[in-house]
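Hi,

Here is the structure I promised to pass on. Have a look at it first, and my notes on what turned up follow below.

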Amino acid sequence: MSFESDLLAILPRLRRFAASLSRDRADGDDLCQAALERALRARDQWQPGTRLDSWMYRIMRNVWIDEGRSRQRAARTFAPAEAGEHVGHAGDRDVEAHVMLSDVDRAMHALPDEQREAIALVLVEGLSYKEAADVLGIPMGTLTSRLVRGRGALLELLGEAA
Amino acid sequence: MTDIDEAMLIAWVDGELDEVTGRRLERAVAEDPALAERLEMHRRLRARVADHYAPIEAEPVPPAMRALLNDSGKVVPIARPVAPRWRSWTLGGAIAASLVLGLGIGRLSNNPAGPIAVHDGVMVAQGQLASILDTQLASAQGDAPVRIGLSFQRKGGGWCRSFEGQALSGVACRNGGSWQVQQLVPGAGPTTGYRQASSADERITATIDALIDGSPADAGEEAAAKAKGWR
């Protein structure tokens, strides 16, 4: 198995992770594509024998963080945040994406980034706490408290709080 | 309810509670309907979030991502990666036609072993074309499917060879361990007659003129260069 075919094998999961981090499916695929490009450039840094999926989750998260920062910078510099959200999007795509946004999409997007990534890795990707904490580079205790707070927020947003 | 209790319920739903704590939790839940309701709520939430994103995994991978992975592999069909650059190529439409043909063949057979690969953004001969460039002497090539035109030293050093085939003709220069393709034009097409070396495409002749240092290798020089691995 080559590096590329190993990547191809986990690509469906990577797309799912990207979608759960992103505002909508189109942004998710853009993120996934950017993460693949970065991984291919950094392939020498991958240690064969270690888990490619964890390595890819880490890369995707870094791309996501970098892009989030540049989006925020652009929004602060050029326009109010709300206007910034629409800059650079084709009208059609935006409308389509909004129509397709479900309650879960909206609730996930409303979470702080640090909670969203923890929820995405554990609830969506099914990683163990230890695996997720490794990907995020945080202690287990920090992960579990983010999972607790993130879930509390999701329950509120989805109207499922008891 | 304290935060730790909530964390325990959640850990149970996530399959992260150790056995002893798990049994303790199950006993507590059995005795406390409110706690049972909270546990059920967390189980529903996990299922709802997971189910929402689960279908993505079953979808076919978008062609752009698949292409990205294919392109970065060791062996790549020529046409797709260079297609966007056609317009900037001075030789224009004729090359485009040959590349489209190459793409079609590559797709039909799903066989990446065409004559050209793209490594790190440059075209490199592979497969039969590479071995012909490695081994075939212009002075002794009989009915070979691809004929070597000239072997020559380029300005600045290094060997180059022109080649002519039915599908593709061009010029390749030795770079490291491979033949970097400098120029590619459509080949002569299916012909039955014997082709003279002098029948080379004018465009190839122009490329050779631009590259060549001195005069082409004669049979002895060519054989010696081959023996040294074109170094």
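Let me start with the packing inside. The largest nonpolar core has 49 residues, and the ones touching the most other members are A18(A), A35(A) and M60(A). Bear in mind that this is a predicted model. If you click on M60(A) and leave aside residues up to four places away in sequence, you'll find that M60(A) touches L14(A), F17(A), A18(A), L31(A) and A35(A).

Next, the place where the chains meet. Chain A puts 33 residues into the contact and chain B puts in 30 residues. On the side of chain A that touches chain B, the elements giving two or more residues are α1 (3-21), α2 (25-41), α7 (113-124) and α9 (140-157) of chain A. The top contributor there is α1(A), with 10 residues. Sorted by class, that side of chain A comes out at 19 nonpolar, 6 polar and 8 charged residues.

α9(A) packs against helix α3 (residues 33-58) of chain B, with the axes 11 Å apart and an angle of about 85°. Since angles of 65 to 115 degrees count as roughly perpendicular, that is what α9(A) is to α3(B). From α9(A), the residues involved are R151(A), L154(A) and L155(A), and they meet M41(B), H42(B) and L45(B) in α3(B). By class, this contact of α9(A) with α3(B) has 4 nonpolar, 1 polar and 1 charged residues.

α9(A) also has a partner within its own chain: helix α8 (residues 129-136) of chain A, whose axis comes within 9 Å of that of α9(A) and crosses at roughly 100°. α8(A) and α9(A) are therefore roughly perpendicular to each other. On the α8(A) side the contact is made by Y129(A), K130(A), A132(A), A133(A) and L136(A), and on the α9(A) side by M140(A), L143(A) and T144(A). Those residues split into 6 nonpolar, 1 polar and 1 charged.

Now over to chain B as a whole. Chain B has 9 helices and 6 strands, and of its 231 residues 30% count as buried. Looking at contacts in chain B with a separation of 6 or more, 49% are between residues 24 or more positions apart.

Across the pair, A117(B) stands opposite V124(B) in β2(B).

Last one: which residue other than glycine has a phi near 60°? That would be W230(B), and the value is positive. W230(B) sits in the segment after α9 (219-227) of chain B. With 18 other C-beta atoms within 10 Å, W230(B) is partly exposed.

Cheers

Conventions: Residues are numbered from 1 along each chain as its sequence is written. Chains are lettered from A and ligands numbered from 1 in the order in which they are written. This is a predicted model: local features need pLDDT of at least 70, side-chain atom pairs count only at pLDDT 80 or more; totals for chains, interfaces and linings use all residues. A nonpolar core is a set of buried Ala, Val, Leu, Ile, Met, Phe, Trp, Tyr and Cys residues joined through C-beta atoms within 7 Å. A residue is buried if 20 or more other C-beta atoms lie within 10 Å of its own, exposed if 12 or fewer, and partly exposed in between; C-beta atoms are placed from the backbone. Two residues are in contact if their C-beta atoms, placed from the backbone, lie within 7 Å. Helices (H or I, at least four residues) and strands (E, at least two) are DSSP runs, numbered from the N terminus. Ala, Val, Leu, Ile, Met, Phe, Trp, Tyr, Cys and Pro count as nonpolar, Asp, Glu, Lys and Arg as charged, and the others, Gly among them, as polar. Two strands pair if DSSP finds at least two bridges between them. Axes are lines fitted to C-alpha atoms, for helices over the stretch in contact, and angles run from 0 to 180 degrees between N-to-C directions. Angles under 35 degrees count as roughly parallel, over 145 as roughly antiparallel, 65 to 115 as roughly perpendicular and the rest as oblique.
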